Amino acid sequence: MVVGSNLSFAMYPGLSQGAIDAIHTHGSEEQKAFYLPRLASGEWTGTMCLTEAHAGTDLGIIRTRARQLDDGTYRVTGQKIFITAGEHDLTANICHLVLAKLPGAAEGTRGISMFLVPKFVPNTDGSLGARNGVTCGSIEHKMGIKGSATCVINFDEAVGYLVGDEGKGDAGHVHDDELGTTRRGHPGLGLATASYHNAVTYARERQQGRSLSGVKNPRVRPTPSSCTPRRGAACWPCAPSSRGRGRCPRGRGC
Ligand SMILES: Cc1cc2nc3c(=O)[nH]c(=O)nc-3n(C[C@H](O)[C@H](O)[C@H](O)COP(=O)(O)OP(=O)(O)OC[C@H]3O[C@@H](n4cnc5c(N)ncnc54)[C@H](O)[C@@H]3O)c2cc1C
């Protein structure tokens, strides 16, 4: 229903669902306890930051980097593009799930790790702390779903937290992609349903065709036609029973 009524809006909880799935499957117990209730309630939203300007399908060549600090947190630096729900003020915070590589990571997709990078670094009680090094570089130009902000997102030494194991970020991505495939079916179903209901309404309301026994709707005036007695044989509204008896529904006497 949400997709059928507003696909653009549906993208926001849709991407949160991706973040929820990834944290639920790969996150630590602390991460689940802290982030999942806020994402599930809609208090915060989430994103999936995979794509880069040179890396879409082939995520093994991403350039976004992360480095670990002594306190166990990470700093994430790089640029992602095409990020759905990447920036907005619908919710107080946005939790970006970012694919990046650690120093010495393996080549290709095996070297990808996943990080949770909040727009505002939350305090332990859930209140919002400092603005993180995450900024919206620009809004992408699209042909449709323009109400959905698809963004270039820049990470500049942004505070991040590892989700799952090092080098297993692609598993999270694959997991999200599998669920994403299911989720991508939802827009199709929602839009097809909306399309069907629009078509049914249109078909029920539209006045069209002619009754063989004459005009049924008094508001519809017979259109002038070339129907003449001489050409009456070709006048389809004239039922055989009325033809030649001056009862042509077009009033032309054929
Ligand atoms: C509206 C919108 C929202 C998006 N939201 C997000 C988001 O929230 N987060 C995010 O991370 N990304 C997002 N994306 C990006 C999306 O995930 C990428 O567009 C997608 O992964 C494809 O990457 P690409 O556009 O770079 O195409 P490419 O990778 O360049 O692929 C183009 C074509 O080439 C083919 N191809 C690519 N590599 C090969 C190969 N080696 N061999 C044979 N064929 C190949 C592909 O199958 C495809 O047909 C979004 C995109 C759009 C349009």
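Which residues of the largest nonpolar core touch the most other members? Of its 39 residues, these are A19, V76, L97, V98, F115, V117 and V163. A nonpolar core here is a set of buried Ala, Val, Leu, Ile, Met, Phe, Trp, Tyr and Cys residues joined through C-beta atoms within 7 Å. A residue is buried if 20 or more other C-beta atoms lie within 10 Å of its own, exposed if 12 or fewer, and partly exposed in between, with C-beta atoms placed from the backbone. At least two residues of this core come from each of α2 (7–26), α3, β1, β3, β4 (93–101), β5 (112–118) and β9 (150–163). The most are given by β9, with eight residues.

The model is predicted: local features need pLDDT of at least 70, side-chain atom pairs count only at pLDDT 80 or more, and totals for chains, interfaces and linings use all residues. Residues are numbered from 1 along each chain as its sequence is written.

**Chain and strand pairing**

The protein chain has four helices and nine strands. Helices (H or I, at least four residues) and strands (E, at least two) are DSSP runs, numbered from the N terminus. Their order from the N terminus is α-α-α-β-β-β-β-β-β-β-β-β-α. Of the 254 residues in the protein chain, 31% are buried.

Two strands pair if DSSP finds at least two bridges between them.

| Pair | Sense | Bridges | Example |
|---|---|---|---|
| β3 and β9 | antiparallel | eight | V76 with A158 |
| β5 and β9 | antiparallel | three | L116 with Y161 |
| β8 (134–139) and β9 | antiparallel | five | C136 with I153 |

V76, the bridge partner of A158 in β9, is also among the core residues that touch the most other members. Elsewhere, strands β6 (residues 120–122) and β7 (residues 128–131) run antiparallel and are joined by two bridges. F120 stands opposite R131 in β7. The hairpin of β6 and β7 has five residues between the strands, and G126 in this hairpin takes a positive phi near 95°.

**Helix α3**

Helix α3 (residues 29–41) has 13 residues and reaches 18 Å from its first C-alpha to its last, close to the 18 Å expected at 1.5 Å a residue. The expected span is 1.5 Å times one less than the number of residues. At Y35, shortly before the proline P37, α3 has a kink of about 35°. The bend at a residue is the angle between axes fitted to the seven residues ending there and the seven starting there. G42 follows α3 and has a positive phi, near 90°.

**Ligand surroundings**

There are 14 residues around the ligand, of which L50, G56, T57, F82 and T84 come nearest. A residue is near a molecule or strand if its C-beta atom, placed from the backbone, lies within 6 Å of it. Strands β1 (44–49) and β3 (74–84) each supply at least two residues of this shell. By class, the shell has six nonpolar, six polar and two charged residues. Ala, Val, Leu, Ile, Met, Phe, Trp, Tyr, Cys and Pro count as nonpolar, Asp, Glu, Lys and Arg as charged, and the others, Gly among them, as polar.

F82 lies in strand β3 and has a positive phi near 60°, though it is a residue other than glycine. F82 counts as partly exposed because it has 17 C-beta neighbours inside 10 Å. I145, in the loop between β8 and β9, is not a glycine either and has a positive phi of about 35°. With 16 other C-beta atoms within 10 Å, I145 is partly exposed.
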